Amino acid sequence: MNMTIHLSPRLEAVAQAVPPGACVIDVGTDHARLPVWLVQSGRVGRVIAADLRPGPLEGAATLINKTGTADRITLRLTNGLSGLGPRDGDTIVIAGMGGETMISILSAAPWTRQGTLLILEPQSKQAELRKFLIENGYSVTSERLVKDAGRLYPILTVRGGAAPGYSLAELHTGLYEQISDDPLFGEYLSGLADRMAHAAPYDSTAAEISNELQEMKRRYVPMTTVQEVFTLLAQKAPVEGKLDFDNVGLLVGRGSREVHQVLTALDIVDEVIEEAAAIGAELIVSHHPLFFDLKSVTDSTWTGSRALTLAENHIAAICMHTNLDAAEGGVNDALMAALGGHVTGQLDPVSRIGRIGEMAEELPFSRFLPMVKSALSSNGLRYHDAGRPVKRLAVCGGSGGGEIALACQAGCDTYVTADVKYDQFLEARHLGVNLIDADHFCTENVVVPVLAGWLREAFPELDVHIAKSHGQTAQFY
């Protein structure tokens, strides 16, 4: 069976820099995760995956065969670009290597200055790499930063051509005009400034660079745009993780719009739009999409009316739905954490929606019920008590009634979800599984503080609010 590849944030950012339809050479491909993703996603039609070591290429061949991509990926045992030329590809990716290795590879392949696009992700010696590029007929056309496992990585897109002048500090940061609007630049600049300040007393060059970095920090005024917020959210919850029916992303507004105030909410309902307008928010970030198949924007429908109100108030809308359900740290991880469980696996490995976990201690079901109601601020719970204590737990935020059998197969004694139908309660009774319907809003609203936290961490200059006007709709008499 073919398998689907999911990339780390670093490799995902590299992949997004590859132009659709490019003919790619991936140098130092290691186990070919990037080439497989590129062809699986349909971004490119073919890739040459090159490495100088037989071992990684053997691993690459195994992955390629498992994913059914052998007809579109060619393996090449070669040192750098040796034996390759412009006829083999128009785009070259070199990621995960030190800058000095990249210099060696490009020095041996001067043909890369003639119309070839280079995507470079150096792990070290970034200043030396930039210096080599501008002194040897290359021009860095753009740079961006990505954060992966707590570390920041620069990604350079490069073509042959005359380069502008770089200051000593810009060899380390990248050209200020290109990189200063990156949402991660402030953090990157601060880290560089601290390191240079430590070296300055012992190194006159470091002292000069440190002074320039400090001046750069003084004039740096971060400006965040709607598109930058979406880029960050798409790194946290890749759009490729959504289900086929879904509609996610920037659904209303201009990506170039500057943002100062953001409102996070589960749904973009009238009250939330009014709240956003009242606080002067330029952006609402929600879980549920504003629309799926909108064919007109008029006030004759509730959906059209809300879209019009957003546009009239210059409020953009970013919606992250089933991709946020599947994402690490997203809806279902937040739901498990709220209930006191520790995630141990995925409920549905195909969609990656839902989680399996373990409680720290076994609880009687009668004690677990009020804990769930309190933790999720629910007006009430619908449930089936199978007479089992709670230890191994499955969760699925939102409509997860159809996954009861998966919870049973995973050995779970208890399943917490929402929108459970009558026949699904019967199925739970038949399978002997405790089942709790804790309401759609309540099982998913746990992710709204997570969204706010992601934005506050990445964009400390933004005022990020959690909607107060929207709550559980269902009431119990």
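A nonpolar core is a set of buried Ala, Val, Leu, Ile, Met, Phe, Trp, Tyr and Cys residues joined through side-chain atoms within 4.5 Å. With that in hand, let us walk through this predicted model.

The largest nonpolar core holds 29 residues, and those touching the most other members are Val 18, Val 24, Leu 38, Val 44 and Val 93. At least two of its residues come from each of helix H1 (9-16), helix H2 (33-40), helix H3 (54-67), strand S2 (46-51), strand S4 (91-97), strand S5 (117-122) and strand S7 (151-160). H2 gives this core its largest share, 5 residues.

Which residues does Val 93 touch, leaving aside those up to four places away in sequence? They are Val 14, Val 18, Val 24, Ile 25, Asp 26, Val 27, Leu 34 and Ile 119. Another core, of 27 residues, lies apart from the largest one, and its members include Met 97, Ile 103, Ala 109 and Trp 111.

Arg 352 has a positive phi, and so does Asp 419. Here are their values and places:

| Residue | Phi | Loop between |
|---|---|---|
| Arg 352 | about 65° | strand S14 (341-348) and strand S15 (353-363) |

Definitions and conventions: Residues are numbered from 1 along each chain as its sequence is written. This is a predicted model: local features need pLDDT of at least 70, side-chain atom pairs count only at pLDDT 80 or more; totals for chains, interfaces and linings use all residues. Side-chain values use heavy atoms; hydrogens and water are left out. Helices (H or I, at least four residues) and strands (E, at least two) are DSSP runs, numbered from the N terminus. Buried means under 20% relative accessible area, exposed over 50%, partly exposed in between (1.4 Å probe, protein chains only). Contact means heavy atoms within 4.5 Å.
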